[in-house]
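The sequence and structure come next.

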Amino acid sequence: MKKTRKILGTSVALVIFATSANAQATATADAAATIVAPISIVKNADLNFGNIAVNSLGGTVILEASAASTRSIGGAGGVSFPANTGAVTSAVFTVSGEAGYTFDMAVITPSVTLSNGTETMVASNFTVSHPTGTLSATGDETVYVGADLDVNGSQAPGLYTSTSSFSVLVNYN
């Protein structure tokens, strides 16, 4: 029994010695976060296809997404552009946020209906001048949106406006 106590006592002493012989170390770390300017978008101008003449065939007016707002004719070829073009403009947006950051932009509405009260046309196939871009040193970028307007044959004369707006979405990459 004496021998068992001696062994047990020695074992306990070894455990205590081994535990206290192990050195402990600690370290610290800091935490940080950077809040960047939130990305935002503002509409500067609405999409406007301008003045259009149409015959019985109808056709498509293609308005490019650019500062030039160039129109072309597609489809059946039954549309033309009179000398008095009217106000032709791509939709214009300003994207703002953190300078030098990249972004994606897309039109999330597949189509909009334009109406003069009784007659309708559809604008679709929206295009974006640069669906990805980099914000300038001042933290902004101008982006243009164009679309195709399907004009029915013998479309009734009048001012056609969208019955609902189209939406664009912009995100940081």
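Leaving aside its neighbours within four places in sequence, which residues is Tyr-172 in contact with?

## Surroundings of Tyr-172

The model is predicted. In it, Tyr-172 belongs to strand 15, which covers residues 168-172. Beyond its neighbours within four places in sequence, Tyr-172 contacts Val-36, Ala-37, Pro-38 and Ile-39, then Gly-97 and Glu-98, then Tyr-101, Thr-102 and Phe-103, and also Leu-135. The C-alpha atom of Tyr-172 is separated by 6.4 Å from that of Asp-104, although the two residues are 68 residues apart along the chain.

Two polar contacts involve the side chain of Tyr-172. One reaches the backbone oxygen of Ala-37 at 2.5 Å. In the other, a polar atom of this side chain lies 2.8 Å from the backbone nitrogen of Glu-98. Tyr-172 has a relative accessible area of 23%, so this residue counts as partly exposed.

## The largest nonpolar core

The largest nonpolar core holds 27 residues. Those touching the most other members are Leu-47, Phe-49, Met-105, Phe-126, Val-145, Leu-149 and Phe-166. Two or more residues each come from strand 4 (59-63), strand 8 (91-96), strand 9 (102-107), strand 10 (111-115), strand 11 (120-128), strand 13 (140-151) and strand 15. Strand 13 contributes the most, with five residues.

Phe-166 shows some of these links. Apart from neighbours within four places in sequence, its contacts are Leu-47, Ala-91, Phe-93, Val-107, Thr-109, Val-112, Phe-126 and Val-145.

## Aromatic rings

The count of aromatic pairs comes to two. Separately, Arg-71 lies over the face of Phe-81, at 3.9 Å from the ring centre.

Key: Residues numbered from 1 in each chain as written. Predicted model: local features only at pLDDT ≥ 70, side-chain atom pairs only at ≥ 80, totals over all residues. Heavy atoms only, no water. Phe/Tyr/Trp six-rings, centres within 6.5 Å; stacked < 30°, edge-to-face > 60°. Lys NZ or Arg CZ within 6 Å of the ring centre and 35° of its normal. Helix = DSSP H or I, 4+ residues; strand = E, 2+ residues; numbered from the N terminus. Buried < 20%, exposed > 50% of the residue type's maximum accessible area, 1.4 Å probe, protein only. Contact = heavy atoms within 4.5 Å. Polar contact = N/O pair within 3.5 Å; in protein donor to acceptor, adjacent residues only side chain to side chain. Core = buried A, V, L, I, M, F, W, Y, C linked by side-chain atoms within 4.5 Å.
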